[in-house]
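Hi everyone, thanks for coming. Let me put the model up on the screen.

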Amino acid sequence: MSENIKINIAIDGHSSCGKSTIAKGLAKKIGYTYIDSGAMYRAVALYCLQNGLIKDGVVDEPALKSSIKTLIIEFKPNSNGGADTYMNNVNVENEIRSLEAASAASKVSTLKFVRQTMVYLQQQMGKSKGVVMDGRDIGTVVFPDAELKIFVTAKPEIRAERRYKELLNKGLDVDYDDVLANVIERDERDSNRKESPLRQAEDSVVLDNSELTPDQQFEWAVSAYQTAVERAKINR
C-alpha cells in the first residue's frame, strides 16, 4: 500500500498560481504535513515592516541579520483543517497575506542569510519525510532529492484575478490593476534574484492550471503522487 512509503513533495511555481491550495489539499488527502515556505518569508518581511527595517524599499540588512535567529516561526492547526502562521507566538496569518507583506517578502527573500536560515529550518522539517512543501525553490534547493516535484504556473492575468478575489474575500480593499502589477513585479524579481531564483527543476512535472478547475488540479496532483509512490517502491 502507498501509505507504507512516505515521500517528500516539492511544489514550486509562480506567485498566486494556487500552489498552496494544491499543497494543502494534497497533504490533507494523503495524511502528510503541509508547510508553506512562502509564509515563512512573509513572516520575516512582516517583522521587518513592524520594526522599521525596510525604509524606502531598502532592507536594513545588518539589523535583520542580527535579529533573524531570534524569530520563532511556527505553523499551528486552525479550525478549517489547515494551519496558520505564527511569529513569536502571535497569529500573523492575515497580516502576512497583504500586498505590502508580499512585496516586502520578495525583497527579504533575495538576501542570502535570510534564505540560508529559512532553508535550514525547512530541511529540518522534512527530514522524516511525509511533507508537502510549496514555494519558489523547494525542488531545486530545499528538497533537491524530493521524490515528487511539481512546477505550477498560469497566465499572469488569471493569477491576478484569483489573488484579487482572495484578498476581497479577506475583507481587504484592493484594486485589480495593483494586484496584476504586483504579480508581474514578483515574477520578475523571483526569476532574476541572485539567491535561489525561481526555476523549474529538470525532473519536475509541470501543471499549467490556467484553464483547470480546483477539482481537476486536485485530481491531477493525487495522480502524480500515486505515480511517485509507485516509482519510489521500485527504487527502494
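I'll go through a sheet and then a pair of helices.

A word on the source: this is a predicted model, where local features need pLDDT of at least 70, side-chain atom pairs count only at pLDDT 80 or more, and totals for chains, interfaces and linings use all residues. Residues are numbered from 1 along each chain as its sequence is written, and side-chain values use heavy atoms, leaving out hydrogens and water.

Now the sheet. Helices (H or I, at least four residues) and strands (E, at least two) are DSSP runs numbered from the N terminus, and two strands pair if DSSP finds at least two bridges between them. Here three strands make an open antiparallel sheet, ordered S5-S6-S7. At its edges sit S5 (73-77) and S7 (90-91), each pairing on one side only. S5 is joined to S6 (residues 83-87) by five bridges, and Pro 77 stands opposite Ala 83 in S6. Helix H2 (residues 37-50) packs on this sheet, touching S5 and S6, where contact means heavy atoms within 4.5 Å. The direction of H2 makes about 35 degrees with that of S6; axes are lines fitted to C-alpha atoms, for helices over the stretch in contact, and angles run from 0 to 180 degrees between N-to-C directions.

On to the helix pair. How do the axes of H7 (residues 156-169) and H8 (residues 176-192) cross? They come within 9 Å and cross at roughly 125 degrees. Residues of H7 that meet H8 include Tyr 164 and Leu 167, and those on the H8 side include Val 179 and Asp 187.

Thanks, happy to chat!
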